[in-house]
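Take a look at the chain below. We will walk through its aromatic rings, its annotated spans and one patch on its surface.

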Amino acid sequence: MQRDNLSTVSEFVFVGLSDAPEIRLLLFVLFLLLYLATMAGNITLLIAIGTDSHLHSPMYFFLSNLSLLDLLCPTTTVPKMLAALLLEHKEISFSGCLFQHFSLIAAVGTEIFLLAVMAYDRYVAVCHPLRYPSIMSTKLCAHLALGTWATGLLNSLLHTSLVFTLSFCGPNKIQQYYCDIPPMLALSCSSTLSRELVILLVAGVLGGSACVGTVVSYIYILLEILARNSPGVWHKALSTCGSHLTVVCLFYGTTICTYVRPSFTYSPHRDRVVSMLYGMLTPLLNPIIYSLRNKEVKCALKGVLSQVRRAL
């Protein structure tokens, strides 16, 4: 691809969520509060995991990685959206759009594999509780976490190169509040069919393998529960896996609706709503979901809050 094709469009313009001044101010306040709540929730959870020795286990190590991703994902997109709502600064440079796209896809890809790793962790905890410390060793956990981040970055590098080596020589208005795959493909003035097929193939193989790993882990968990058939086993399994299973359903539901479909089904208005669910509500709800049903996390969070009150 020639370099002049890459630089034909030097900047893009976000259409955003609304052009009505009275609604923009309301949306700015709403999304600012959601963003601050997301930051506060995930940072507090990270502090709780880091300071409480009872939470120094594989499950909470992976949960801390999830919180890092939940900090990265909205920080990549929301500040620019808030600036567009308040200051009407809707432009983003080509390189800025590329970086935003790379960061977002990296976070999404990493989270897919991280959730699969967390499902395996729950499988070992339920099906092999006595061998859990030896199987989920510190070395294995570090390798698994490193592998998820490396896979997410490589996946994002591939997707970003496929999208941003297309020709952009026509309209530069992005029908979204951030640089994402569907609206970028819609703006290209060159044929995108082959790129779309490669993107769907790679996403299908990588995402499908992570999804299969998650499903298989929970099938083994279900079979183990049915085999035991002892009093209270369902309650114990739910307390062990309920939070993770809820997060998995929420994540896959919004991600599939956003990415796993051809570009001719792209609908700007619908996709803005779906992307809001993934980009803001999911990172906000994840720490809440893990806190509601987990006594250890609740105790650790109370300790963090009490220390903050004493400091104030």
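Phenylalanine 94 and phenylalanine 164 are both buried (under 20% relative accessible area; over 50% is exposed, and in between is partly exposed, with a 1.4 Å probe and protein chains only). This is a predicted model: local features need pLDDT of at least 70, side-chain atom pairs count only at pLDDT 80 or more, and totals for chains, interfaces and linings use all residues. Residues are numbered from 1 along each chain as its sequence is written, and side-chain values use heavy atoms, leaving out hydrogens and water.

The structure holds nine aromatic pairs. Rings of Phe, Tyr and Trp (its six-membered ring) pair if their centres lie within 6.5 Å; planes under 30 degrees apart are stacked, over 60 edge-to-face, the rest tilted. The rings of phenylalanine 94 and phenylalanine 164 have centres 5.6 Å apart and planes at 90°, so this pair is edge-to-face. Phenylalanine 94 sits in helix 4 (residues 94-127) and phenylalanine 164 in helix 6 (residues 138-164), so the pair ties together parts 70 residues apart in sequence. Helices (H or I, at least four residues) and strands (E, at least two) are DSSP runs, numbered from the N terminus. Ring pairs link Phe12, Phe94, Phe164 and Phe168 into a cluster.

Now the annotated spans. The unreviewed UniProt entry marks "transmembrane region" at several places, including residues 25-48 and 98-120. Such annotations may be inferred rather than shown by experiment. Residues 25-48 are 100% helix, with end C-alpha atoms 34 Å apart. Residues 98-120 are also 100% helix, and their end C-alpha atoms lie 33 Å apart.

Finally, isoleucine 219. Its place is in helix 8 (residues 193-228). Isoleucine 219 is partly exposed, with a relative accessible area of 43%.
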